Amino acid sequence: MSTRNRSEPVVITYTELTVMLILVTALFVLFFPGDRIRSGIASEKSNYDLTLVYLRSIAHAYPDDPENWMRLLDAELTMGDTASAEKTFAQLKHFKKIDRKELVWFGYKLLKTRYLHSVDPYRKAQLRLLLRTKLRDFVRSDDPSLWLIALQEARELQMPQLQFDAMARRINHTDLTDTYEVARFLQLAVETNSVSEAVKRIETLLYKNADPRFYELLKKFYLAREAYAPAAALARRWFLQSGEREAFLDAVRFAFWAKQKDQARSMIEKHAMRFLDDPATSQQIIKLLLANGMPEEAHRFTVALLKHQRIVP
């Protein structure tokens, strides 16, 4: 009869523990596919350590599947475990069939995680410079998705010049129709002393897409800065493209405000007659002429209007 105390706990051997771990890993792979693992990481923050044990077990049990290593790396970066993430990232780089864009993205995330968790000011400054270089490479690439990533990351890291450059690429090479983003582009242009470049890019977008929203955006921008001469030039060109009555009146009005009386007179002489069938616009033209000391021109246009309406012979 054994002398072992009946209350003494049963000891599990290493072999039995290994078998149990393999079984748990297999069950985890079977019942917790990639999307559920990711959602688990997001929702069960208190279970990060256990999650990492599972993910590492899966990665080592199925080392030829890069998805397992990417899930592990994502979890390690989420936890800020940069030492382990370095090793996992090195493992990922050995795969030849992995999407290179994903590899670039994980490399950036690893660098950013190092930066966010760095406490040494000098090291943090060095890492920020490296992040800036990485984002600059994203902006210079031919991949629009990388421009968007650069834009979002530069905004988060408070790098206005990079934000501006990323937006410039998007405006130049994509069918951008988000007026909020274009308005932000103008704001960044002011912050980075790049107003001239920004205006040229937005004007190109305006005339390319013939979208009146961009005209209104630029017009308000010029008026807020009391830049009446460029506002008049903008309105004049937009009128010649769109034929809009408001653009015509803007061109005349802004020319007067910019003290460009000859330019205003020229616009009226060349284009006012097309509005003879538009009483509201005709009245606006007469008011503008009278308000800006041009009674003779106002008289000639009034006579032309009355003749067109057959009120006078």
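Arg253 counts as buried, because its relative accessibility is 19% and the cut-off for buried is under 20% relative accessible area. The model is predicted, and the values below are computed from it. Arg253 lies in helix α14, which spans residues 245-257. Its side chain forms a polar contact with the side chain of Asp250, at 3.1 Å. Leaving aside residues up to four places away in sequence, Arg253 touches Gln284 and Leu288. The C-alpha atom of Arg253 is 7.7 Å from that of Ala232, and these two residues are 21 residues apart along the chain.

Ser141 is found in a loop, between α7 (121-140) and α8 (144-156). With residues up to four places away in sequence not counted, Ser141 touches Leu146, Trp147 and Arg169.

|---|---|---|---|
| Arg253 | helix α14 (residues 245-257) | 19% | Gln284, Leu288 |

Next, a pair of helices. The axis of helix α5 (residues 82-92) comes within 11 Å of the axis of helix α6 (residues 100-117), and the two axes cross at roughly 165°. That angle makes α5 roughly antiparallel to α6, because angles over 145 degrees count as roughly antiparallel. The crossing of α5 past α6 is left-handed. On the α5 side, the contact is made by Thr82, Ala85, Glu86, Phe89 and Leu92. On the α6 side, the contact is made by Leu103, Phe106, Gly107, Leu110, Thr113 and Arg114. By class, the residues of the contact between α5 and α6 divide into 6 nonpolar, 3 polar and 2 charged.

For the chain as a whole, the secondary structure comes to 17 helices and 0 strands. The protein chain has 313 residues, and buried residues make up 40% of them. Among contacts in the protein chain with a separation of 6 or more, 52% are between residues 24 or more positions apart.

Note on methods
Residues numbered from 1 in each chain as written. Predicted model: local features only at pLDDT ≥ 70, side-chain atom pairs only at ≥ 80, totals over all residues. Heavy atoms only, no water. Axes fitted to C-alpha atoms, helices over the stretch in contact; angles between N-to-C directions. Helix = DSSP H or I, 4+ residues; strand = E, 2+ residues; numbered from the N terminus. Parallel < 35°, antiparallel > 145°, perpendicular 65-115°, else oblique. Left-handed = near helix turned anticlockwise from the far one by under 90°. Contact = heavy atoms within 4.5 Å. Nonpolar A, V, L, I, M, F, W, Y, C, P; charged D, E, K, R; others polar. Buried < 20%, exposed > 50% of the residue type's maximum accessible area, 1.4 Å probe, protein only. Polar contact = N/O pair within 3.5 Å; in protein donor to acceptor, adjacent residues only side chain to side chain.
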